[in-house]
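Work through the exercises below with the sequence and the model side by side. Each task is followed by a solution in steps.

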Amino acid sequence: PNCEHVWVVKVEFRSLGVKGAPTKEKDKLPERHGVPAPTFPKLLPVEDLITLRAIVGFLGEKPQFGWWGTDFLGETGQKFLSITFPRTAFSAGVNSVTEAARRLHDSRIGKGRVYHLFRMPEMIEQLVHKRLADFEPSILMPSLKTKESALEKLQSMSDNSEGAGEGPVQLGTAKNILQLMSLKSIAKQYADAFENDKQALPYFTES
């Protein structure tokens, strides 16, 4: 804190678009002294996290389920944003709806030592911010046409885990956030909540 020197610790994963994670058989660590080599859970691409954030953000907006009073990702909202942000209307919409959704989640879950879809650990938020600038929205926009198309997309990202609870629902700890199974569990919670007229807010604790 005094000298303000920054120590850079590089944590690199292939599934995040850079090299480093042992994802193939040949890349696994060797067994030593009879102890099996550790296995690594499948990590989710940051683009999948952006997609989930956009879909849930859209469904929570006022014209759909009204969890937050915005309309940034619908057709009308995107036309409005394109006036000010002609090249980045989609990323502006995602950032704006994220802020609205974050306020609701923080008010129900709290902000201390917890994380959720709209407030990830700082390292992940930096990755999301960087990738969002280059994210190609054309593939996702058809799913943001109607409430039904967005729900269908959300269901396709879900797993077969237990259905949604109500209010804050703890899914695990921060170390699980970048696992593919966590993304599927988050999607399942939101999908069931929207379809059953409930409000589920999945979150992860710091430890």
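**Exercise 1.** Decide whether Tyr190 is buried or exposed, and classify the ring pair of Tyr190 and Phe194.

Solution. 
- Step 1. The model is a predicted one. In it, Tyr190 has a relative accessibility of 0%. Buried means under 20%, so Tyr190 counts as buried.
- Step 2. Phe194 comes to 3% relative accessibility and therefore counts as buried.
- Step 3. The ring centres of Tyr190 and Phe194 are 6.5 Å apart, and the ring planes make an angle of 25°. Planes under 30 degrees apart count as stacked, so the pair of Tyr190 and Phe194 is stacked.
- Step 4. Both residues belong to helix 6 (residues 180-195). They are 4 residues apart, about one turn of the helix.

**Exercise 2.** Classify the ring pair of Trp68 and Phe118, and state which parts of the chain the pair ties together.

Solution. 
- Step 1. The structure holds 7 aromatic pairs. In the pair of Trp68 and Phe118, the centres lie 5.8 Å apart and the planes stand at 75°. An angle over 60 degrees counts as edge-to-face, so this pair is edge-to-face.
- Step 2. Trp68 is found in the loop between helix 1 (46-59) and helix 2 (75-84). Phe118 is found in the loop between strand 1 (114-116) and helix 4 (122-134). The pair therefore ties together parts that are 50 residues apart in sequence.
- Step 3. Trp68 is buried at 4% relative accessibility, and Phe118 is buried at 0%.
- Step 4. Trp68, Phe118, Tyr190 and Phe194 are among the residues that ring pairs link into a cluster; Phe65 and Trp67 also belong to it.
- Step 5. Phe65 has a further neighbour: Lys147 lies over the face of its ring, 4.9 Å from the ring centre.

**Exercise 3.** Describe the sheet: what is its strand order, and which strands form its edges?

Solution. 
- Step 1. The protein has 6 helices and 3 strands. Read from the N terminus, its elements follow the order α-α-α-β-α-α-β-α-β.
- Step 2. The sheet is open, has 3 strands in the order 1-3-2, and shows mixed pairing.
- Step 3. Strand 1 and strand 2 (167-173) are the edge strands, as each pairs on one side only.
- Step 4. On average, neighbouring strands of this sheet are turned by 40° against each other, direction ignored.
- Step 5. Strands of a sheet pair through backbone hydrogen bonds, in a parallel or an antiparallel way. Strand 1 pairs with strand 3 (residues 200-205) in the antiparallel sense, over 3 bridges. His116 stands opposite Tyr203, a residue of strand 3.
- Step 6. Helix 6 packs on the sheet and touches strand 2 and strand 3. The direction of helix 6 makes about 155° with that of strand 3.

**Exercise 4.** What percentage of the 207 residues is buried?

Solution. 
- Step 1. Buried residues make up 45% of the 207 residues in the protein.
- Step 2. Of the contacts with a separation of 6 or more, 70% come from residues 24 or more positions apart.

Definitions and conventions. Residues are numbered from 1 along each chain as its sequence is written. This is a predicted model: local features need pLDDT of at least 70, side-chain atom pairs count only at pLDDT 80 or more; totals for chains, interfaces and linings use all residues. Side-chain values use heavy atoms; hydrogens and water are left out. Rings of Phe, Tyr and Trp (its six-membered ring) pair if their centres lie within 6.5 Å; planes under 30 degrees apart count as stacked, over 60 as edge-to-face and the rest as tilted. Helices (H or I, at least four residues) and strands (E, at least two) are DSSP runs, numbered from the N terminus. Buried means under 20% relative accessible area, exposed over 50%, partly exposed in between (1.4 Å probe, protein chains only). A charge sits over a ring if NZ of Lys or CZ of Arg is within 6 Å of the ring centre and within 35 degrees of the ring normal. Two strands pair if DSSP finds at least two bridges between them. Axes are lines fitted to C-alpha atoms, for helices over the stretch in contact, and angles run from 0 to 180 degrees between N-to-C directions. Contact means heavy atoms within 4.5 Å.
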